[in-house]
Amino acid sequence: MTGLVLVVDDEFGIAELIDAVLTDEGYRVLTAANGRQGLAVMTKDHPDLVFLDYMMPVMDGAEVLRAMVSDPSIDGVPVVLMSSMPEAMVAERCSDYTAFMRKPFKIAQVTTLARRLLIQSDST
Amino acid sequence: MNLPEALPPEAATSAEAALEELRRQIAVLIEAVAARDTFIAVAAHELRNPMTPIIGQIDLLLANLQAGRYSSAQLEHRVRRIRGAMDHFIKRAGTLLDVSRITSGRFQLVLAPCDLSDLLRETVENFADTARFSGCSVEIEVPENLYGTWDRLALEQILDNLISNAIKYAPSRPVTVSAEALGSLVRFSVRDCGPGISTGDRARIFERFERAVGTSERHSGFGVGLWVVGQIVAAMEGTIVVDDAEGGGSVFTVTLPRYLEAKLP
């Protein structure tokens with residue numbers, strides 16, 4: 001598997017887990033502890049896919065998604081939005097994400113989403 | 001039996017007052033039940049979330065063991081991660097237990113001789129991974145030893161909350177943990193270089209389910225951490241204050257009696 005994946009989550013345990021799962025699958029993985037750090041990494045390293053937590057200090061998932069839309073250099077990068085809340089609640093504040101992953105998740109969901117979305121972004 | 005058609009005026013006033021009191025008590029009880037329901041929902045959420053890394057790390061370990069892909073070093077690394085995630089879970093469960101004990105008036109300190117400097121160094125060390133992940137450096141300025149008689153778990157609860165808040169709300173910036181002896185007292189503080197806390201928010205952050213940050217920002221975590229800290233500090237006959245730090249950020253300062261003449265039963 002090839003592709004650069006960015007994981008943005010303030011919970012170290014979650015970010016480290018997704019990092020380990022995707023690294024074992026052969027992807028290159030970067031992590032960020034909040035939305036602001038995540039955006040900085042996106043504009044610098046241009047990941048092919050982003051796993052983005054909804055609830056975070058400093059800058060949350062909804063704000064990151066809005067910032068991505070207004071920056072042509074990172075607009076269109078597929079985003080998996082993550083939350084322990086139901087998608088309907090999160091969707092009230094968020095749009096422009098590609099897929100939703102409810103916490104707690106299984107590691108198979110992480111690999112399935114990465115494969116699917118990286119293939120899609122390759123073919124577009 | 002002949003019933004009076006109407007109560008005498010003084011009896012009517014007292015019945016109305018009793019009814020009013022009853023209504024007030026019912027309103028208080030309804031509010032208490034609602035608060036308990038909120039607490040149960042928050043508690044369930046708080047205990048479910050840290051299970052994700054634990055189960056995920058175990059699944060990852062199993063998958064790699066079955067595929068024969070892990071070296072013994074990778075195996076050890078994964079098991080250490082599971083251990084760390086379980087420690088995190090136990091801390092959250094401990095906070096919930098403290099909330100429940102404080103609320104029901106069953107919180108009791110277990111006093112024993114303790115070295116605060118040692119505990120501070122150990123706690124900062126435990127945050128090494130989280131701090132590195134958030135881009136924070138945690139400086140520690142403590143004397144070689146600071147002996148006293150305290151409840152060690154209660155001290156850990158205070159330190160864990162203050163340090164994790166500093167790392168979470170002021171990422172990518174330095175955090176300083178310091179302590180000093182002041183005769184029969186000790187004073188320790190956790191200083192961050194974050195956005196600071198407004199004067200209006202300083203009292204509010206020690207209330208239950210409160211966060212000082214604006215509603216436009218969504219934060220993970222519990223919101224009772226500082227309430228628990230405030231309650232524990234009070235139970236230890238100490239004080240906690242939050243001030244602006246010189247050069248920006250906040251500094252939480254806790255002052256506690258040392259009980260050098262061991263306050264043991």
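**View 1. Helix H3 of chain A on the sheet.** Helix H3(A) lies across strands S1, S3 and S4 of chain A and runs at about 145 degrees to S3(A). Helices (H or I, at least four residues) and strands (E, at least two) are DSSP runs, numbered from the N terminus; axes are lines fitted to C-alpha atoms, for helices over the stretch in contact, with angles from 0 to 180 degrees between N-to-C directions. Contact between two residues requires that their C-beta atoms, placed from the backbone, lie within 7 Å. The model is a predicted one, in which local features need pLDDT of at least 70 and side-chain atom pairs count only at pLDDT 80 or more, while totals for chains, interfaces and linings use all residues. Residues are numbered from 1 along each chain as its sequence is written, and chains are lettered from A and ligands numbered from 1 in the order in which they are written.

**View 2. The open sheet of chain A.** Five strands form an open sheet in the order S2-S1-S3-S4-S5 (chain A), with parallel pairing, where two strands pair if DSSP finds at least two bridges between them. Because S2 and strand S5 (99-102) of chain A stand at the edges, each with a single partner strand, one side of each is left without a neighbour in the sheet. Neighbouring strands of this sheet are turned by 20 degrees against each other on average, direction ignored. Helix H1(A) packs on the sheet, touching S1, S2 and S3 of chain A, and its direction makes about 170 degrees with that of S2(A).

**View 3. The S1-S3 pair of chain A.** The parallel strands S1(A) and S3(A) are joined by 4 bridges, and Val8(A) stands opposite Leu52(A) in S3(A).

**View 4. The largest nonpolar core.** This core has 44 residues, and Val5(A), Ile18(A), Phe51(A), Leu52(A) and Leu81(A) have the most contacts inside it; H1(A) gives the most to this core, with 8 residues. A nonpolar core is a set of buried Ala, Val, Leu, Ile, Met, Phe, Trp, Tyr and Cys residues joined through C-beta atoms within 7 Å, a residue being buried if 20 or more other C-beta atoms, placed from the backbone, lie within 10 Å of its own.

**View 5. The side of chain A that touches chain B.** Here 27 residues of chain A are in contact with 29 residues of chain B. The largest share of the chain A side, 9 residues, comes from helix H1 (residues 12-24) of chain A.

Key:
Buried ≥ 20, exposed ≤ 12 C-beta atoms within 10 Å, placed from the backbone.
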